[in-house]
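Please open the model in your viewer and keep the selection panel at hand. The tour below goes from the whole chain to single pairs of side chains.

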Amino acid sequence: QKKALDSELAELKSLLEEKERERQEALERERLMALKYKELDIFKLDIIARELKSLDDSFGLVGKGLKQLQNDAGRLKNYDE
């Protein structure tokens, strides 16, 4: 009976060690996935930032054109006087 208990105890210890290895492997996979998603998020944010900068540059050009038009209109108004 003692041999049977020792054998069962050894089997349970082996099973516990196997489950612990599986748990550690799952934690490592989770860590790697988190890193990958973080990199993807940074990549997406970089693309969004570039697009926004492009839009900002476009609006800047429109703003400069509008300011020039206002200056020209002011000069024309003053020309009339």
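A residue counts as buried under 20% relative accessible area, as exposed over 50%, and as partly exposed in between, with a 1.4 Å probe and protein chains only. What you see is a predicted model, in which local features need pLDDT of at least 70 and side-chain atom pairs count only at pLDDT 80 or more, while totals for chains, interfaces and linings use all residues. Residues are numbered from 1 along each chain as its sequence is written, and side-chain values use heavy atoms, with hydrogens and water left out.

**Select the whole chain.** The protein chain has one helix and zero strands, where helices (H or I, at least four residues) and strands (E, at least two) are DSSP runs numbered from the N terminus. The protein chain is more spread out than a compact globule, because its radius of gyration is 35 Å, well over the 12 Å that the globule rule gives for 81 residues; the radius is taken over C-alpha atoms, and the rule is 2.2 Å times the number of residues to the power 0.38. How many of the 81 residues count as buried? The share is 0%.

**Colour by charge.** Lys and Arg count as positive and Asp and Glu as negative, without His and the chain ends, and each charge is placed at NZ of Lys, CZ of Arg, CG of Asp or CD of Glu. The mean positions of the 17 positive and 19 negative charges are 2 Å apart.

Side chains of opposite charge can pair when their charged atoms come close. A salt bridge here is a side-chain nitrogen of Lys or Arg within 4 Å of a carboxyl oxygen of Asp or Glu, and the whole structure holds six of them. One joins Lys 19 and Glu 22, at 3.7 Å from N to O. These two residues are three apart in helix H1 (residues 2-80), about one helical turn. Lys 19 is partly exposed at 47% relative accessibility, and Glu 22 is also partly exposed, at 35%.

**Move on to Glu 20 and Arg 23.** Here the closest N and O atoms of the salt bridge are 3.0 Å apart, and both residues lie in helix H1, three residues apart. Arg 23 has a relative accessible area of 44%, and Glu 20 one of 35%.

**Finish at Glu 28 and Arg 31.** Their side chains meet in a salt bridge of 2.7 Å, N to O. Glu 28 is partly exposed at 36%, as is Arg 31 at 42%.
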